[in-house]
Amino acid sequence: MKKSKILIFLIIIILLAVILFLVFSKNTAKVFKNGNNKTSQEIVDYILNISSYNLKVTVEVNSNKNSNKYILKQQFVSPNMCKQEVLEPSNISGMKITNDGTNLKLENSNLNLNTIFENYNYLGDNCLDLISFIENYKANSDSEFIEEENQIIMKTKSGNENKYTKTKVLYIDKETCNPTKLEIKDNNEKTTVYILYNEVEINSTNKEEVVAFENRSISTNI
């Protein structure tokens, strides 16, 4: 009888150990999946080393007189292939700008627009693009980030002479490691452009999805 009690006790201990192991393993897997085990520096490095993205964003542009809102689709593949398409407002919906690092293509089927600017070497700061923020952050020695409870805030300077786009502030969700919003401020720290990241896919876009130039008429003048 005594041996039976000891056996039952051992079985209970073993079952409890198995249950605890399973619970701990499940929670550990969940933390790893959500990225919660990454340090703030690791999350920042992850953003700075993005090789591609596919984004759907809401952009609000504010001036002294009015405010305009746009919904855009943005794509990028390293090192310099990018595409931007206007989804809203309806009067310019379908406008696409594609840059393969050498040529720039403008197209809009509604306006019968399809033009390629060959050997397009202008590297102006497209402040609406996430890759522009990344390049500015890497180039600016004063770039910095701070950590809050649920997010990381990365801050940098634009590096151009435009007084309306002097400072850029990117907010990163610590759990998903994805950007949530980007604020662009003027030289008085007033927000002139506010970008909300509605849909985010990182490191899952290929070259063919971004650039698909067609052999059509070429213009070399802007």
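**Strands and the loops between them**

Modeller: Pro89 is found in the loop between β3 and β4, with β4 covering residues 96-99. Strands here are DSSP runs of E, at least two residues long, numbered from the N terminus. This is a predicted model, in which local features need pLDDT of at least 70, side-chain atom pairs count only at pLDDT 80 or more, and totals for chains, interfaces and linings use all residues. Residues are numbered from 1 along each chain as its sequence is written, and side-chain values use heavy atoms, with hydrogens and water left out.

The bond between Glu88 and Pro89 is a cis peptide bond, with omega about 10 degrees. Another cis peptide bond joins Ser78 to Pro79, where omega is also about 10 degrees. Pro79 belongs to the loop that runs from β2 (67-77) to β3 (81-88). For background, most peptide bonds are trans, and most residues other than glycine have a negative phi.

Cys177 is in the loop between β9 and β10, the latter being residues 179-185. Because its relative accessible area is 4%, Cys177 is buried (under 20%; exposed is over 50%, partly exposed in between; 1.4 Å probe, protein chains only).

Glu189 also has a positive phi, near 65 degrees, and is a residue other than glycine. Glu189 sits in the loop between β10 and β11. With a relative accessible area of 39%, Glu189 is partly exposed.

Ser158 lies in the loop connecting β8 (151-157) with β9 (167-173). Its relative accessible area is 4%, so Ser158 is buried. From Ser158 to Ile184 the C-alpha distance is 8.8 Å, although the two are 26 residues apart in sequence.

For a residue within a strand, take Val57, which is in β1. Val57 has 0% relative accessibility and therefore counts as buried. Leaving aside neighbours within four places in sequence, Val57 is in contact (heavy atoms within 4.5 Å) with Tyr70, Ile71, Leu72 and Gln74, and with Ile195, Leu196, Tyr197 and Asn198. Leu87, 30 residues from Val57 along the chain, has its C-alpha atom 9.7 Å from that of Val57.

Note on methods. Helix = DSSP H or I, 4+ residues; strand = E, 2+ residues; numbered from the N terminus.
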